[in-house]
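These are my notebook entries on one protein structure. I record what I looked up, entry by entry.

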Amino acid sequence: MKYIHSAFKYLVFSVIAFAMVAAVQAQQMVQATAKVVRIKGEARYSTANNTWQTLKVGDQLRAGTIIQTAKESRVDIVLGDKDATAPQRNWGNTIAYQPEVEQDFVRVYENSVMAVEKLLVADTGAEKIRETSLDLRAGKIFGTVKKLAAGSKYEVKVPNGVAGIRGTVYMISAERVLTVLKGSVVIAYSDGTGSIVTQVVVAGQQYDIRTAQFTPIPEPLMKDGQSASYDALSTLPPGLEHFPEDHNNHHVSPTAGHPGFEIVPN
């Protein structure tokens, strides 16, 4: 009986200590930003007030921001570090490049809508704990994710599903097709009957939630991913991939949108 009492006291102490550590960690978490590092074509963003503004290279985006790209357009974003810049590199043939990960990078492809739901970071001194949550509502994104410290979380939401990512190079579409170029991703989703299905997808695989089928990554998509990985580590001269600023005044209707943009889903 004395042993059980001591064990119970130890268990209670452990639970309290864990709760205290979690509370301190939560208090240390601060809002981070996402930095727009490259734009091709047209893109815009909105916050809670539903007012759309033109997206520009150098813009700092916070949690709660919705990003939308037009046809034949894309946006490259670095997450969680307002001063992040990638080194200049010259590998020549990008198709032969093997994906590396040096920063949390997201490419929002054309005709896409992505919301930055959560972007938090805590510096413990030895490492950074990060919490990132993206909501892909339409289109497709590519991303690279650095190895996460213990207690960190990076997730991408898609309709009726969520992908948990750790130290990975990935692509995912709102049509719920997941492609993993490096590392692995755990995706959980509703199968339409109310049941939750969990699936692990590893490097070299493409998984289609709609059919629950694995396939090898198609060569054109593999090349696209390798090229995007190369761009994630490359810094181009300012403005090289950014269209000239449009000084004309445009009216953007909250219901009809803007020429070149589709209506943003709720």
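Entry 1, confidence. The average pLDDT of the protein is 78, and 70% of the residues score at least 70.

I also recorded the ground rules. This is a predicted model, in which local features need pLDDT of at least 70 and side-chain atom pairs count only at pLDDT 80 or more, while totals for chains, interfaces and linings use all residues. Residues are numbered from 1 along each chain as its sequence is written, and side-chain values use heavy atoms, with hydrogens and water left out.

Entry 2, overall make-up. I found two helices and 17 strands in the protein; these are DSSP runs numbered from the N terminus (helices: H or I, at least four residues; strands: E, at least two). Of the 266 residues, 43% count as buried (under 20% relative accessible area; exposed is over 50%, partly exposed in between; 1.4 Å probe, protein chains only). Among contacts with a separation of 6 or more, 59% come from residues 24 or more positions apart.

Which residues have the most contacts inside the largest nonpolar core? I found Met114, Leu134, Ile141, Tyr154, Tyr170 and Ile172, in a core of 39 residues. Such a core is a set of buried Ala, Val, Leu, Ile, Met, Phe, Trp, Tyr and Cys residues joined through side-chain atoms within 4.5 Å. Strand 14 (residues 177–190) gives the most to this core, with five residues. Apart from this core lies another, of 11 residues, among them Val78, Phe142, Ile217 and Leu221. I then looked up Leu134: beyond four places in sequence, its contacts include Leu79, Met114, Ile141, Tyr154 and Tyr170.

Entry 4, aromatic pairs. How many aromatic pairs does a search of the whole structure find? I recorded four. Rings of Phe, Tyr and Trp (its six-membered ring) pair if their centres lie within 6.5 Å; planes under 30 degrees apart count as stacked, over 60 as edge-to-face and the rest as tilted. Phe105 and Phe142 form an edge-to-face pair, 6.2 Å centre to centre with 70 degrees between the planes. Phe105 lies in strand 8 (residues 105–108) and Phe142 in strand 11 (residues 140–144), so this pair ties together parts 37 residues apart in sequence. Both Phe105 and Phe142 are buried. Tyr154 and Tyr170 also form an edge-to-face pair, 6.4 Å centre to centre with 70 degrees between the planes. Because Tyr154 is in strand 12 (residues 153–158) and Tyr170 in strand 13 (residues 161–173), their pair ties together parts 16 residues apart in sequence. Tyr154 and Tyr170 are both buried. Finally, I noted that Tyr189, Tyr207 and Phe214 form one aromatic cluster.

Is Ser173 buried or exposed? I recorded Ser173 as buried, because its relative accessibility is 9%. Ser173 is found in strand 13. Not counting residues up to four places away in sequence, Ser173 touches Leu136, Gly139, Lys140 and Val158.

Conventions: Contact = heavy atoms within 4.5 Å. pLDDT = per-residue confidence, 0-100.
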